[in-house]
Amino acid sequence: MHLLHLSNSLFFGGNESHFRNPCFFPTISACVETRLQRATPPRVAASSVSSFDETRERISKLIHKAEYSISTYDTAWVAMVPSPNSPQEPCFPNCLNWLLENQCCNGSWARPHHHSLLQKDVLSSTLACVLALKKWGVGGEEQINRGVRFIESNFASANEKFQISPVGFDIIFPNMLDYAKDLFLNLRLEANTLNDLIHKRDFELRSHSSKGEEAYLAYVAEGMGKLHDGETMMKYQRKNGSFFNSPSTTAAVFMALPNSRCLNYLHSALTKFGNSVPAVYPLDIYSRLSTVDNLERLGISRYFRDEIETMLDETYRCWVQGDEEIFMDASTCALAFRLLRMNGYNFTSDQVTSILEECLSSNTKDVQTTLELYRASEFIISPDDRDLERQKSRLKHLLEQKISSGRNVDREVYHALHYPYYSTLDRISKRRNIEHYNLDNTRIAKTSYRSPNFGNKDFLLLSVEDFNKCQAIHRQELKDLETWVVENKLDELKFARSKSAYCYFSAAATFFEPELSDARMSWAKNGVLTTVVDDFFDVGGSIEELKNLIHLVEVWGADVSAECCSQNVRIIFSALKTTICEIGEKGFVKQERSVINHIIKIWLDLLYSMMKEAEWDREKSLPKMDEYMENAYVSFALGPIVLPALYLVGPKLSEKMVNHSEYHNLFRLMSTCGRLLNDFQGYEREMKDGKLNAVSLYLTKSGGEMTKEDAVTEMKGLIERERRELLRLVLEGEKTNVLPKACKDLFWHMSTVLHLFYSKDDGFTSQELFGVVNSIINEPIVLNELP
C-alpha cells in the first residue's frame, strides 16, 4: 500500500501517478498531529503493569490478524451486482440492508470517518449508495432523497482543487452521474461544475489511453461504462478471482463481463465480513507487516519477538511461493523485502528489482511508494544486488526532486535522504519516530479505509513508556560511569580528552535494552580508556612511559607502586587492570568460563599497534598502504570497546567462535570503515601535522598521478564496499553463520556510530551531537494529550 500524508498529497501530486501494475495503487494517510514535547517524565499510574499487559495483548492480536474497516463505497458497488440467475434481482440483498442501516444523519454515507479535505470521497460513496438503492428500488424514498440532497448541497466540492481526490475520482464520479440519469434519478446539479467534471473525465480517459496505462483504466472499471475491453481487462484478474483485490473494481467488471471467479471472490469477502466489504481485500500481509514495522520503528518489537518471528516466517513462505498479495503491490513487496532482509532471511533481490523497474519506468509520482522502495534499496549486501544499487540512485533522484521543488515535503523524505540506514543510531531514530508518530490510520485508494495495524494509540503509549523507562536506567548508568572516572583518577590526566558522556551515549543510543546494562558499561568504560590511551600515545606520554605501560599489561601481576615509572602510567594501568578484571568477572558468570586472558590480549593488540605507529612517527618512516592498514584498523581502538562487550550481551561464545574467521572479519570490516572515515575526514589537518594518513599514503603510492579528491573518492568507495560486506555478515541468518545475531549486531551498531560521528567533522567535534546526547539520555518524552 502506498501511504501519503494527507496534508502533503496535493504538493506531491500523489494522484497524478502514471499507473502501471503493481505501482498504481496509491493510498493516503491522513495526518493527525501527535502532541509531544520534551519535559519532565509523566506520572506512571499504579495499574501500569496490568495496563502494559493489556496493551501488549491487543498489539499481539494485530500481528496475528489484520483488522480493517468496512467501505460504504465498495459495499454499494457489490450491492449493485445482479443475480446471475435472475438479473432483475440483487445478488447480495443483505448488502442493501446494510446500506439502509448505515446512512449518516446528514444524508451521506461517510464511513469510517472523513477528514475535511475528503469531501470528494464522501460524495463518491454517497452517490454509489444512492445508485444501489435506486437500482433495486429498495428502502424508503426518504433515504434516497436525503442522499440526493447531500450530493446537491455539497456538489461544488467535486471540483475544488484543494480537496483530495480519491484514485480515479475524475473518471468514476462523472460516470456514476451518467448512470444516475439512466436510473431517472433527479439530481439538480450546478451546470458549470457538472460540465467541468465531464470535460475533465474525457481528458483523463484520452490521456491515460494514449499513454497505454491499461492497469490504471482496469482499476477504475466503475468509471469505464461500456468502454471495457474484455481481453485487456481479464489480464488483471488475480488467482483469487478479484481485480486488484478491490471489491468495487471486481463488482464493476462482473456487471460488464460476467465471470464466475469474480462472483466467487465477492462471496468470499462477504463470508469473511458479513453484509459489507472493505476497500481492499485481502490486505493481511501488508497490514500485519505494517504492525511489525511500527513496532520496530518505535523500539518495542522485543516484547513481541515470537509473534514477529511467526509473521516473518509466514511472509517468507509467501515470498518464496510468489504470492500475489506481495508481488502485485509495490509497497507490500518493498516492505516485505526490507523486513525480511533486516531479520536475516536469505533470498535474492531479483523480485524487488523487477517491481522497482516497473515503478521507475512508469515514472511514479507517489512519494510514499517511492520512499518505501528507497528504504528497501538501502539493504544492498551483495555484488548480485547491482540492479538494486542502480535503482537506488534513481529513487534517490526522484526523492531529491521533491525537495528541490521547494514544495511541502514530508519530513520522512528529508530524513531518509540525509540520514541513511547505515548512519542512523537506533535510539535517535526511535525517539524521532515516536515524536513524529502519526496516530491517524486512514488510507485512501478509491475510497478511505482504516486499520489499527497502520497506527494506533497502543503503539504510541507503549513506546513512550518503554523509552522513558530505559532512559531512566541510562541516566543512572551515566552517573555511575562519571563516578568511575573520578574513582580511577582519570580526571587527573590533564592531557586526556574528557569524553565519558559520548562514550556512554554510543552504547545507549544503539543497544538500549535494560538487560544489556553490563555490556553498555563495558563498552563505555573501555571507550573512555581507549580515548585516554590514544591521547597518552599521541601527546601525553614519553617513549619510556609507553613501553612501561605495555610491559605492565604483559606482566599483569606487577607491583603497581614499584614498577610504574610515572603517576600517569600508574593511573592508566590501575584503571585498565581494575576494569578488565571487573569485565572478566562478569564475563565468567555469563560465559561460564574465564575470558580475562582474551580481554588482556585485546588490549595488548591495541597497545602494540599504537606503539608501531609511534615508532613510525618517531623514525619518520613511511609504511606501504597494506602495512599501514593492517596495523591501522587495530590502532583505531575499537577492539577493547566492542569485543569484550560481546561476552556480556547474552549468548555463549566459545573459544572456537572467537577464533573463527567470521569473528575476525567482522572486527576488521568495522574497524577498517572507522579508520578510513577518520582518515578522510581529518586528512588535511593530519597532513599538515605530518601524521600518517590513508589519504597521504594513497597520494604517495600514486606517484603524483592522483589528486586529493581522487584519493578521497577512492576511499569512500572502499568504505562503502567494506560497509556492505559488514552488513551482509551481520544480516545473514544464523544457520549459515558462526556468531549469534546479538553479538554480530554490536559490530553494526559501532559502524553506525562511526558513520554518524564522522558525518561532518573529525570524530568528537560536531556541536550538533550535544543536543542529540541530551535527547537520548536526559530528556524524557511527554505525551501532553492524544486526539
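Is Glu725 buried, partly exposed or exposed, judged by its relative accessible area? Glu725 is partly exposed, with a relative accessible area of 28%, where buried stands for under 20% relative accessible area, exposed for over 50%, and partly exposed for what lies in between (1.4 Å probe, protein chains only). This is a predicted model, in which local features need pLDDT of at least 70 and side-chain atom pairs count only at pLDDT 80 or more, while totals for chains, interfaces and linings use all residues. Residues are numbered from 1 along each chain as its sequence is written, and side-chain values use heavy atoms, with hydrogens and water left out.

The chain as a whole comes before its details. Its secondary structure comes to 37 helices and 6 strands, taken as DSSP runs (H or I of at least four residues for helices, E of at least two for strands) and numbered from the N terminus. Of its 787 residues, 59% count as buried. Among the contacts with a separation of 6 or more, 75% are accounted for by residues 24 or more positions apart, a contact being heavy atoms within 4.5 Å.

Confidence is given by pLDDT, the predictor's score for each residue from 0 to 100. The chain averages a pLDDT of 87, and 90% of the residues score at least 70. Confidence is lowest in helix α1 (residues 9–12), at a mean of 26, and highest in helix α30 (residues 639–646), at 98. Over residues 1–22 pLDDT stays under 50, although the model has 106 contacts beyond four places in sequence for them.

The structure holds 36 salt bridges, each a side-chain nitrogen of Lys or Arg within 4 Å of a carboxyl oxygen of Asp or Glu. Glu725, with which this text opened, meets Arg728 in one of them, at 2.5 Å from N to O. Because the two residues are 3 apart in helix α35 (residues 708–731), Glu725 and Arg728 are separated by about one helical turn. Arg728 is likewise partly exposed, with a relative accessible area of 21%. Elsewhere, salt bridges that share partners join Arg297, Arg375, Glu412 and Arg432 into one network.

Another salt bridge is formed by Glu357 and Arg394, whose closest N and O atoms are 3.4 Å apart. Glu357 lies in helix α17 and Arg394 in helix α19, so the pair ties together parts that are 37 residues apart in sequence. Glu357 counts as partly exposed at 30% relative accessibility, and Arg394 is partly exposed at 31%.

Because its relative accessibility is 2%, Ser349 counts as buried. Its side chain is joined to that of Asp385 by a polar contact of 2.7 Å, which is a pair of N or O atoms within 3.5 Å (within protein, one must be able to donate a hydrogen and the other to accept it, and residues adjacent in sequence count only if both atoms are side-chain atoms). Leaving aside neighbours within four places in sequence, Ser349 is in contact with Phe337, Arg341, Asp384, Asp385 and Leu388.

Two further places concern cover and surface. Helix α23 (residues 500–508) is mostly covered, with 8 of its 9 residues buried, among them Tyr502, Cys503 and Phe505. Ile403, in contrast, counts as partly exposed at 32% relative accessibility, and its place is in helix α19 (residues 386–404).
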